[in-house]
Number of protein chains: 2
Amino acid sequence: MSQTVADLRVERKPKLSETVVAAIRKQLLAGEIPPGQKLPTEGQLTETFGVSRTVIREALAKLAADGLVEARQGAGVFVSEHISTSFGVLAADMGAKDSVALNVLEVRLAIEIESAGLAAIRRNAAQEAAIQEAFFEFERLLLASQPTGPADLAFHRAIASATNNPFYVEMLDVLGRRAIPCDVTSPWSTELVQSDEYQRGLQREHLVILNAISAGDAEAAREAMRTHLTRSQQRYRERLQARQAYYANSLKAASTE
Amino acid sequence: MSQTVADLRVERKPKLSETVVAAIRKQLLAGEIPPGQKLPTEGQLTETFGVSRTVIREALAKLAADGLVEARQGAGVFVSEHISTSFGVLAADMGAKDSVALNVLEVRLAIEIESAGLAAIRRNAAQEAAIQEAFFEFERLLLASQPTGPADLAFHRAIASATNNPFYVEMLDVLGRRAIPCDVTSPWSTELVQSDEYQRGLQREHLVILNAISAGDAEAAREAMRTHLTRSQQRYRERLQARQAYYANSLKAASTE
DNA sequence: TATTATGCAGTTGTATGATGACTTTCGAAT
DNA sequence: ATTCGAAAGTCATCATACAACTGCATAATA
């Protein structure tokens, strides 16, 4: 019964290796050890962090799994060359779950880009109309100052449907269920970034996609969808950082009391 | 002078844990252990794989990092609830019908195109080497007049792996199993279209992809992969028609007897 | 009887020491 | 100067032990 309500909130005790991973990752991303350079040996890290080699090895294995470092037997552990562009940068200091969510989101990106291209080629009149309808519904909700999330989702879904390949829709549903649909439905951001200008931007991007599909230009449709989703990804990442900062602050506030 | 061409012979011995990861991942994606269920204990896995607990733990850590399993101290290691097993069942009940297979193949196309682009940006040295290795293995098998299917699959898999997004690999595994790997492994076509010239063509397309990825050119990599898979799709369609024609003939022959 | 407390067996987390395999370095022999 | 080989450094793996935690059965209690 050492469990208080506060304890229930989150949290199981973090494994030591996770702590070490966070510390090393932070240093790597700060560029304290340039790419291609060798990290301290496991023995040195053992002393530095005051934990066993077991923990150090587990931490290094995780970093290697993320592509941040590479271990060469007999030589040492080296900083990976591509970390500046690595996805690990985006997933920097967030928990494993957020990182997973970002990865899923990325797969969704692949699905949607291609479906936009196919929709441009294969859509029939009714399907094109459905996409337009979702577009205008978004517009209506926006003017009425109502939540636009559902319309946004419907827009993307209509496009997937217009590929005439039912699996695209299924994939979208399956992926969307776990990884925060697209733009404005995550619970902790509803009040923060729902600015009019923000949603206007979304709608402008939607329009470009819609036009490309209507024109039957697959290449343009893919490109438009790519920029749209890439930006969404960026927005999502920024929100994660904002949340992280929020928690950090509340933590600091709590500790200064 | 340290690096000669011969040195590029990349054949670094795979770590034991990697082997174990592959084996367990395969089982998980096949759905042999349903989500939420407990895996065998580390001790049991130690016996079944004949390696030390260190290796097993490292493998489990990697799987946990990929979000496939979750370890709870004192309880055990459990299969994650929200795995792509939904894809598993998705892909399970199809495969019967060819039209369905074609649709799945199309989804796979979307996945692979994007992963080629990401691989061009994010691959590290070891991953690039793995792709090259698969490429040369294809070459070797081709010259030896042996089946090139496995090498072809390995090539595509190495690319997915180089995205550093484990979900791409999972998707490929799940989709690839049911829906005709890539080009020449479907059972009813082995003798038909294995012409040398045919496979030379494949290899040429592979080379373009490989070069683009090595050059770090995402756009070119996507384009190369798109043409490769589109042509494969086309080849597959032709083979379907050929088979159809064959059956039609044998049917007619049977009826006239 | 119903409920709580206790203890035990099973499992994961961490620590430690030893050995094998591989890489790099440097000095000796040619 | 070049080649070869020994040795040190480092990661990979193994084996063992203990600590921390969980789930469950059993005992103690009201």
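Student: In chain A, what share of the contacts between residues at least 6 apart in sequence join residues at least 24 apart?
Tutor: The share is 70%. Please keep in mind that this is a predicted model.

Student: And what is chain A built from, in terms of helices and strands?
Tutor: Chain A contains 11 helices and 2 strands. Read from the N terminus, the order of its elements is α-α-α-α-β-β-α-α-α-α-α-α-α.

Student: How much of chain A is buried?
Tutor: Of its 257 residues, 46% are buried. The chain exposes about 13300 Å², and 56% of that area is supplied by carbon and sulfur atoms.

Student: Let us go inside, then. Which residues touch the most other members of the largest nonpolar core?
Tutor: They are Val107(A), Ile111(A), Tyr168(A), Val107(B), Ile111(B) and Tyr168(B), in a core of 25 residues. The elements that give two or more residues to this core are helix 6 (96-122) and helix 9 of chain A, together with helix 5 (98-122) and helix 8 of chain B.

Student: Take Ile111(B). What is it in contact with, leaving aside neighbours within four places in sequence?
Tutor: From chain A, Ile111(B) is in contact with Val107(A), Ala110(A) and Ile111(A). From chain B, Ile111(B) is in contact with Tyr168(B) and Met171(B).

Student: New topic: DNA strand D. How many residues surround it, and which are the closest?
Tutor: There are 22 residues around DNA strand D, and the closest are Gln73(A), Gly74(A), Leu16(B), Ser52(B) and Val55(B). By class, the residues of this surface comprise 7 nonpolar, 8 polar and 7 charged.

Student: Which part of DNA strand D comes within 4 Å of the protein, sugar and phosphate or bases?
Tutor: Both do: 79% of the atoms of DNA strand D within 4 Å of the protein belong to sugar or phosphate, and the rest belong to bases.

Student: What are some of the contacts at the atom level?
Tutor: On the phosphate side, a backbone N or O atom of Leu16(B) is 2.8 Å from a phosphate oxygen of DNA strand D. An N or O atom in the side chain of Arg53(B) is 3.5 Å from a base nitrogen of DNA strand D. The elements that give two or more residues to this surface are strand 1 (69-72) and strand 2 (76-79) of chain A, along with helix 3 (53-65) of chain B.

Student: Which of those elements gives the most?
Tutor: Helix 3 of chain B does, with 3 residues.

Student: Arg53(B) came up there. Where is it found?
Tutor: Arg53(B) is in helix 3 of chain B. Its relative accessible area is 48%, so Arg53(B) counts as partly exposed.

Student: Which residues does Arg53(B) contact, leaving aside neighbours within four places in sequence?
Tutor: Arg53(B) is in contact with Glu42(B) and Thr46(B). The side chains of Arg53(B) and Glu42(B) make a polar contact at 2.6 Å. These two residues are 11 apart along the chain, and their C-alpha atoms are separated by 6.5 Å.

Student: Now DNA strand C. Which residues are closest to it?
Tutor: The closest are Leu16(A), Ser52(A), Arg53(B), Arg57(B) and Gly74(B), out of 23 residues that surround DNA strand C. Of the atoms of DNA strand C that come within 4 Å of the protein, sugar and phosphate account for 64%.

Student: And which atoms meet there?
Tutor: A phosphate oxygen of DNA strand C lies 3.1 Å from a backbone N or O atom of Glu42(B). A polar backbone atom of Gly74(B) is 2.8 Å from a base nitrogen of DNA strand C.

Student: Which element supplies the largest share of the surface near DNA strand C?
Tutor: Helix 4 of chain A supplies the largest share, 3 residues.

Student: One last topic: why does Asn164(B) count as buried?
Tutor: Asn164(B) counts as buried because its relative accessibility is 15%, and buried means under 20%. Asn164(A), at 44%, counts as partly exposed.

Technical notes: Residues numbered from 1 in each chain as written. Chains lettered and ligands numbered in written order. Predicted model: local features only at pLDDT ≥ 70, side-chain atom pairs only at ≥ 80, totals over all residues. Heavy atoms only, no water. Buried < 20%, exposed > 50% of the residue type's maximum accessible area, 1.4 Å probe, protein only. Near = heavy atom within 4 Å. Polar contact = N/O pair within 3.5 Å; in protein donor to acceptor, adjacent residues only side chain to side chain. Helix = DSSP H or I, 4+ residues; strand = E, 2+ residues; numbered from the N terminus. Nonpolar A, V, L, I, M, F, W, Y, C, P; charged D, E, K, R; others polar. Contact = heavy atoms within 4.5 Å. Areas by Shrake-Rupley, 256 points an atom, 1.4 Å probe, with all protein chains shown as cover. Core = buried A, V, L, I, M, F, W, Y, C linked by side-chain atoms within 4.5 Å.
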